[in-house]
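Biologist: Please bring up the model. I would like to go through its side-chain contacts with you.

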Amino acid sequence: MARKNRPNMSEMYLEENKDQIYENALAEIESFELPLGTTLRSVYDDQPNAHQRFMEKLDACIRNHDREIEKMCNFHHQGFVDAITELLKVRADAEKLKVQVTDTNRRLQDAGKEVIAQTEEIIRCRVQQRNITTVVEKLQLCLPVLEMYSKLKEQMKVKRYYSALKTMEQLENLYLPRVSQYRFCQIMIENLPKLREEIKEISMSDLKDFLESIRKHSDRIGETAMKQAQQEKTFSTTLQKHNNVNYGRNMHLGRSKILDSKNEMTLKRTFEEDDDHDEEVLTAQDLVDFSPVYRCLHIYSVLGDGEIFENYYRKQRRKQARLVLQPQSSMHETVEGYRRYFSQIVGFFVVEDHILHVTQGLVTRTYTDELWNMALSKIIAVLRTHSSYCNDPDLVLELKNLIVVFADTLQGYGFPVNRLFDLLFEIRDQYNETLLKKWSGLFRDIFEADNYSPIPVANEEEYKIVISKFPFQDSELDKQSFPKKLPMSQSVPQIYIQVKEFIYASLKFSESLHRSSTEIDDMLRKSTNLLLTRTLSSCLQNLIKKPHIGLTELVQIIINTTHLELACKYLEDFISNITNISQVTVHTARLYGLSTFKDARHAAEGEIYTKLNQKIDEFIQIADYDWTMSESDGRASGYLMDLINFLRSTFQVFTHLPGKVAQTACMSACQHLSTSLMQMLLDTELKQISMGAIQQFNLDVIQCELFASSEPVPGFQGDTLQLAFIDLRQNESL
């Protein structure tokens, strides 16, 4: 029984489980909250008959619900009927109320239209007011921007570019960021870089115009600067020179009236120039407007391109420097060519010095020194080349004065100029050479114009005029009464004056060279020695050898050189006086005039001997002896008597010559005459001589011996001069 009951209980348990499952599924379906797929799947998963049983359960559930609904409707039906009845009663009142409400609403709408209109007007006005307030606020922000931009445009218009850049900077950093959202601000922001570039281009254009302007005005600037530098020293230098000349004139009265007048005119002209210098002299700033440089420098500095500007400026100025340093091919022909060349260079460096001192960094001292060293080398090379073409000492002297003013001017601006003064010493040698050439011509002209006869003086006044030009002293001549003759010819005082003129000309070059008086004295003595030993000596030698110079002229030349030799000590005193250097100074050079004039005298003496012999030969050549004559003429030959008369008159001219010179000339002439007669007698072509011819020849020899014994030149001892014919006498006797 027990076993049979166990299966029944299990079946009952399973059956209850299934019913519970169906109920849960129905509950889930009723809830409509969960997906039905899972619920329905759980119903069909068990047994095949589960569908039927589920449907049965579902129908039973539906019937239960229908009964519940019916029961509920029955319960609430009366209340529903009552509610409907009440609703129908209210319906009429609702219609009436609706009409009243509609009418009230209509009347309210009609009454509120004006209020609405006024309200809308108020709202619109408030919106406008708010917009106006906003606009005012924005305009208050925009107006400063617009004002600054307008200011910028005005500054651009009047070319105040540096201020315009400052305005741009304020716009970018202060004003535009406040209103950057507006379109016009964006346009401004886009235009500012373009304006900057425009300012750079305009300022660079102004700089180019400035560079062109200073290139054109460099010579004017340099001329002004050189005039200012010269003004500082002209007056004191002129006074010092005038005092030196007066001192030298008081110590030595040989300075001519012509030179006195020249010095007075020079001093007067210098004073007039000084009066002109007292007037206002324009400066570089007055001649050139430097504002484009300052403006361009500031502009490029503000834009951060200062270094670019500096490099451009220096590059352009270097190019201009090379153009300025390039001389004209004909510069050496006139002093104006040199003056313009120096003025342009001075003007260039005056501008650079001004830029150096008024700007910071645009031009540095290192840059100017480098530029000056380059220019100085070029200047020295140019001056060496062009000065070598100068043959006029006056032009060389003016060139030297220009170089001195040029050097002093640039030295005043801090540029080293020692090499220029070294160059002047080279030019000084060339100047001396041109002076020597010029004085060589002067000496030749003096010698050509001289009459080679003693200077006649008719009265005391004429005598004083001569000795004022030449230092002549002769106590014996002073005792003679007027009229009288000075031993030297007119060329002697003229030569002496020209030597002094040469010393003055040489002194002019030595002035302003920043050298001591001792050095100047030494230079003067050396140049004077060159004049005496080279130029004057050469002129004398050439004069002596000229064919038209006869014995009388040669004698006068010897006399002249003697007096010029004596005057050398006065020339030394003259140099010492104008340089204020005592002759006892250890390093003082001496003049070599003694040897110059001695050599000239020796040459003149030799030429006298030669010409005497040539004259004797001329007389001998006209001798016409008839070696076959039967008897003599009873008197000496005519040619011989003419020869003796010539010698006698010639030796009378020798009275002013030194004794040995006259004696030597006389002895040489007698010996040459004796030799010539001997050769005539011993001629190989002579075959025979008659007794008459021997007697005639004997008469001629006797005349020669008589001439020798008459002592034509004083100073011979005994029969010294007659010994010149002793060989001839012996041969004739044989």
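Modeller: Let us begin with a term: a salt bridge is a side-chain nitrogen of Lys or Arg within 4 Å of a carboxyl oxygen of Asp or Glu. D103, R106, R107 and D110 are joined by such contacts into a network. Please note that this is a predicted model, in which local features need pLDDT of at least 70, side-chain atom pairs count only at pLDDT 80 or more, and totals for chains, interfaces and linings use all residues. Residues are numbered from 1 along each chain as its sequence is written, and side-chain values use heavy atoms, with hydrogens and water left out.

Biologist: How many salt bridges does the structure hold?

Modeller: The structure holds 23 salt bridges. One of them joins the side chains of E448 and K546, at 2.4 Å from N to O.

Biologist: Which parts does the pair of E448 and K546 tie together?

Modeller: E448 belongs to helix 13 (residues 418-449), whereas K546 is in the loop between helix 17 (517-544) and helix 18 (551-566), so the contact ties together parts that are 98 residues apart in sequence. Helices here are DSSP runs of H or I with at least four residues, numbered from the N terminus.

Biologist: What about K526 and D522; how far apart are they in helix 17?

Modeller: K526 and D522 are 4 residues apart in helix 17, which means a separation of about one helical turn. An α-helix has 3.6 residues a turn, so residues three or four places apart point the same way. The side chains of K526 and D522 form a salt bridge of 3.1 Å, N to O, and K526 is exposed at 51% relative accessible area.

Biologist: Turning to aromatics, how many pairs are there?

Modeller: There are 18 aromatic pairs in the structure. In Y431 and F509, the ring centres are 4.8 Å apart and the planes are at 20°, so this pair is stacked. Y431 is buried at 2% relative accessible area, and F509 is buried at 0%.

Biologist: And what is the geometry of Y504 and F574?

Modeller: Y504 and F574 make an edge-to-face pair, with 5.2 Å centre to centre and 65° between the planes. Y504 lies in helix 16 and F574 in helix 19 (residues 568-579), so they tie together parts that are 70 residues apart in sequence. Both Y504 and F574 are buried. For reference, rings of Phe, Tyr and Trp (its six-membered ring) pair if their centres lie within 6.5 Å; planes under 30 degrees apart count as stacked, over 60 as edge-to-face and the rest as tilted.

Biologist: Which residues form the aromatic cluster?

Modeller: One cluster is formed by Y341, F342, F348, F349, W372, F406 and F415.

Biologist: Which ring does the charged end of K484 sit over?

Modeller: The charged end of K484 sits over the ring of Y463, 5.0 Å from its centre. The criterion is that NZ of Lys or CZ of Arg is within 6 Å of the ring centre and within 35 degrees of the ring normal.

Biologist: Finally, which residues of helix 23 are buried?

Modeller: The buried residues in helix 23 include G692, Q696, F697, D700 and C704. Just after helix 23, E711 takes a positive phi of about 50°.

Notes: Helices (H or I, at least four residues) and strands (E, at least two) are DSSP runs, numbered from the N terminus. Buried means under 20% relative accessible area, exposed over 50%, partly exposed in between (1.4 Å probe, protein chains only).
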